[in-house]
Amino acid sequence: LAAGAGRVYLDALSDAPGPADPAWPELMRAGAEPAVAQPGVVTLAGCGGGGAIAAHLPDLLAKAARLVLDADALNAVAGSAALASALQARTLPTVLTPHPLEAARLLGCTVLEVQADRLRAAQQLAERFGCSVVLKGSGSVIASPGRTVSVCRRGSAALASAGTGDVLAGWLAGLWAPELHADLHALCDRAVSQHGAAGEALPLRASTLIERLSATLGAA
């Protein structure tokens, strides 16, 4: 919402009644949301989903017009040959936003191997799954098939705090929603840079980071 998405629907993968999030009344509960296959829809999957997200991924991987996979969605793909194959078979625009451990699981290697050559690891993921990849960490790496890898020099150690990676995934999806035909690699680069710059002021909480990011759009 803070990044400019017109409508945001939240599916918490539960049947609990009430608003999607009482703290954010603008969020709408899933149920009447547009189909993920509609061309104007960006789907973000994995943040806080736990193991329940795995059951939804086959449909999302097959149908979602634009898809950002983070956190538990990435772990589900890493743990399932069928989901990994479905991701490789996707021809629709997709972004993966792993941290080093998630990247290691997807590549079938160790975190030490990922961190020893972060550019190579990000490019391997991009080529293997045909996706744009944001490998998070100190010097986040942005990779896409056939594109020159880029590295974000913005940020601080505060971005290692809980929830800031989820904010990045949501920020990226929010920027993508009104810019459906944007160059995806460049969009990822911009989202990561803005996220890093907003994370340089201390102290930092994930919720504070969202408001700082929103303020950067107003100042642009």
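**Surface and overall fold**

A: The chain exposes about 10500 Å², and carbon and sulfur atoms supply 56% of that area. Areas come from the Shrake-Rupley method with a 1.4 Å probe; for residues, only the protein chains shown count as cover.

Q: What are the ground rules here?
A: This is a predicted model: local features need pLDDT of at least 70, side-chain atom pairs count only at pLDDT 80 or more, and totals for chains, interfaces and linings use all residues. Residues are numbered from 1 along each chain as its sequence is written, and side-chain values use heavy atoms, with hydrogens and water left out.

Q: How many helices and strands in the chain?
A: Nine helices and eight strands. They are DSSP runs, numbered from the N terminus: helices are H or I with at least four residues, strands are E with at least two.

Q: And what is the radius of gyration?
A: It is 16 Å, close to the 17 Å that the globule rule gives for 220 residues, so the chain is as compact as a globular protein of that length. The radius is taken over C-alpha atoms; the rule is 2.2 Å times the number of residues to the power 0.38.

Q: What share of the residues is buried?
A: Buried residues make up 41% of the 220. Buried means under 20% relative accessible area (1.4 Å probe, protein chains only).

Q: New topic. Which way do the residues of β4 point?
A: In β4 (residues 66-69), Arg66 and Val68 point one way and Leu67 and Leu69 the other. All are buried.

Q: What does β4 pair with in the parallel sense over four bridges?
A: Strand β3 (residues 42-45). Two strands pair if DSSP finds at least two bridges between them. Val68 in β4 is the bridge partner of Leu44. On another side of the story, three bridges join β4 to the parallel strand β5 (residues 94-96). There, Leu69 stands opposite Leu96.

Q: Now the largest nonpolar core. Which residues have the most contacts inside it?
A: Leu57, Leu69, Leu87, Leu96 and Phe129, in a core of 31 residues. A nonpolar core is a set of buried Ala, Val, Leu, Ile, Met, Phe, Trp, Tyr and Cys residues joined through side-chain atoms within 4.5 Å.

Q: Which helix gives the largest share of this core?
A: α6, with five residues.

Q: What is Leu96 in contact with?
A: Leaving aside neighbours within four places in sequence, Leu96 is in contact (heavy atoms within 4.5 Å) with residues including Leu69, Leu74, Leu87 and Phe129.

Conventions:
Buried means under 20% relative accessible area, exposed over 50%, partly exposed in between (1.4 Å probe, protein chains only).
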